[in-house]
Amino acid sequence: MSAQDRTLDHYQELMTINATSHVLRTGRELGLFDALLEGQKTLEVLAERTGLPESRLLLLLRPLTSVGIIEKYAEDYAISSVARLLCQYDADLGDAIWQGAPAGLKSEPQSSADAAVPQSRFDSIAATQWVHTPAAMQAAEILDFGPTPGEEDEGAGTVLSSGDSAPQTLLDLGCGSAVWSCAAAHRDPQLRVTLVDHPGALEAALATANSIELGDRFESIQGDALTTELPEGQFDHVLIAQRLNSYSPDQIRLMLQRATSAVKSGGRVIVIDSFEGPNRPSLAESIEALRIGIETEGGAVPELKEAQERMKAAGLESIQFTFIAASRVGLGLMTGIKP
C-alpha cells in the first residue's frame, strides 16, 4: 500500500469515527433509542414513533445496525446490549463533559488539596466499574489473593491464604462499586473487606458483594476517602482503585499517606489506575487522559517513575508494577510495602 493510500484510509477512518458519533446523537434526539428500550419494534412502528418516513428512517437504521447499536431480527429492530449501557450510564454520550473541553484545556492544572473533583466523575466510574471484572480477577491473581499455602513472597509481602491462622483484612479506600475488592474476596475465602466511600457508592458496593454471596465479609465506613477518619495500622492491605488519577498532587500525597497509616507494618498498599508507560498510548488511553484533564482541576495520568516516587515518598518500599493484561483500557497495578 502506498503512502497516499494510507493517508486516504486514515482520513476515511477519522471521518467515519466522527460521523458515527453524530449518527448516535441523531438516533437519541429522534427518540429512536427510547422507543426500542420498550422492546422490539417494526420499521412501521418506529417510523410512527420518530415521525420519519420509513425510507428516511432506514437511512439511519442501517449505520446504527452496522456499528452494533441496533440489531435486526426478521421484521423487527431491537436495541443492543451495548446501547443499553449507553442509555443507562452515558445517555448524553458524554456531551456534558466534552462540551467543556475547550474551557477545561485553557485552565491551569491545580496542585493544591482544594482542587475540585466532581462527584459525577466518581459516580460514573462506580456505575460502570463492573466492566472491569475480568481485569479485577486477574489483578487478584497477580496479588496472590487466593487459597495457596501462606508463605513469605520476597518483594510482594505476605501471600494471602485460606490456610492462614487469621483472616487477612483489606481496606478499599474510595471503593466505588467494589469490583476490585470483591474479586479479591472471591479469590480468598477468608479475606475480610472494609469499604470507604459516600452512601451511594457503598450501597452499590454492598449490592455487588451480596450478588456473589460475599456480603457477610464486608463492612463499611461512610465518608469521603480523603477526609474520613480511618483506623491506624489495622489492615493487611489497602486498595486505592481508579481514584488517584482524579486527584491533584497534594491530594494524592494525602491519600497515600492515609493508606500507609492504615496498613500494618509489612502490609501492602495497592494502587490500580492508568499509568503512562514507555509505549505509545492507545486511542482509549489517550482519550481517558484527556477526559481526566478536562473533568478535574488537578488530575492527570502519571508516568511510571513519578507514580513510583510518590509511593516511596509515602514511606513505602519494594515498589512493584505491572500492567493488567485483561484490562480493556490499559489499567496497571502498583504495590508498595510498609516497613
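**Figure 1. Overview of the predicted model.** The structure is a predicted model, in which local features need pLDDT of at least 70 and side-chain atom pairs count only at pLDDT 80 or more, while totals for chains, interfaces and linings use all residues. Residues are numbered from 1 along each chain as its sequence is written, and side-chain values use heavy atoms, with hydrogens and water left out. The protein has 14 helices and 12 strands; these are DSSP runs numbered from the N terminus, helices being H or I with at least four residues and strands E with at least two. Along the principal axes, the C-alpha atoms fill a box of roughly 70 × 45 × 45 Å. Of the 339 residues, 42% count as buried, that is, under 20% relative accessible area, with exposed meaning over 50% and partly exposed in between (1.4 Å probe, protein chains only). The accessible surface comes to about 17,200 Å², of which 52% belongs to carbon and sulfur atoms; accessible areas come from the Shrake-Rupley method with a 1.4 Å probe, and for residues only the protein chains shown count as cover. Among contacts with a separation of 6 or more, 70% are between residues 24 or more positions apart, where contact means heavy atoms within 4.5 Å.

Figure 2. Helices α1 (3-29) and α13 (283-295) each supply at least two residues of the patch. Leu283 belongs to α13 and is exposed, with a relative accessible area of 59%.

Figure 3. Beyond its neighbours within four places in sequence, Leu290 is in contact with Trp98 and Leu105. Leu93 is 197 residues from Leu290 in sequence and 16 Å from it in space, C-alpha to C-alpha. Leu93 is found in the loop between α5 (81-89) and α6 (95-98) and is buried, with a relative accessible area of 18%. Most residues other than glycine have a negative phi. Leu93, although not a glycine, has a positive phi of about 60°.

**Figure 4. Helix α12 and its packing partners.** Helix α12 (residues 249-262) has 14 residues and reaches 20 Å from its first C-alpha to its last, close to the 20 Å expected at 1.5 Å a residue; the expected span is 1.5 Å times one less than the number of residues. Its buried residues include Gln251, Ile252, Met255 and Leu256. The buried residues of α12 pack against β6 (169-173), β9 (235-241), β10 (263-274) and α14 (304-313).

Figure 5. All seven residues of β12 (residues 331-337) are buried, so the strand is largely enclosed by the rest of the structure. Leu331, Leu333, Thr335 and Ile337 lie on one side, with Gly332, Met334 and Gly336 on the other. Two strands pair if DSSP finds at least two bridges between them. Seven bridges join β10 to β12 in an antiparallel arrangement, and Arg268 stands opposite Ile337 in β12. Strand β11 (residues 317-323) also runs antiparallel to β12, joined by five bridges, with Thr322 opposite Leu333. In contrast, β9 and β10 run parallel, joined by six bridges, and Phe235 stands opposite Val263 in β10. Nine of the 12 residues of β10 are buried. Ser318 in β11 is partly exposed at 40% relative accessibility and has a positive phi of about 50°.

**Figure 6. The open sheet β1-β3-β2.** Three strands form this open sheet, and the pairing is antiparallel. Strands β1 (41-42) and β2 (70-73) stand at the edges with a single partner strand each, so one side of each is left without a neighbour in the sheet. Two bridges pair β1 with β3 (residues 76-79), and Lys41 stands opposite Tyr77 in β3.
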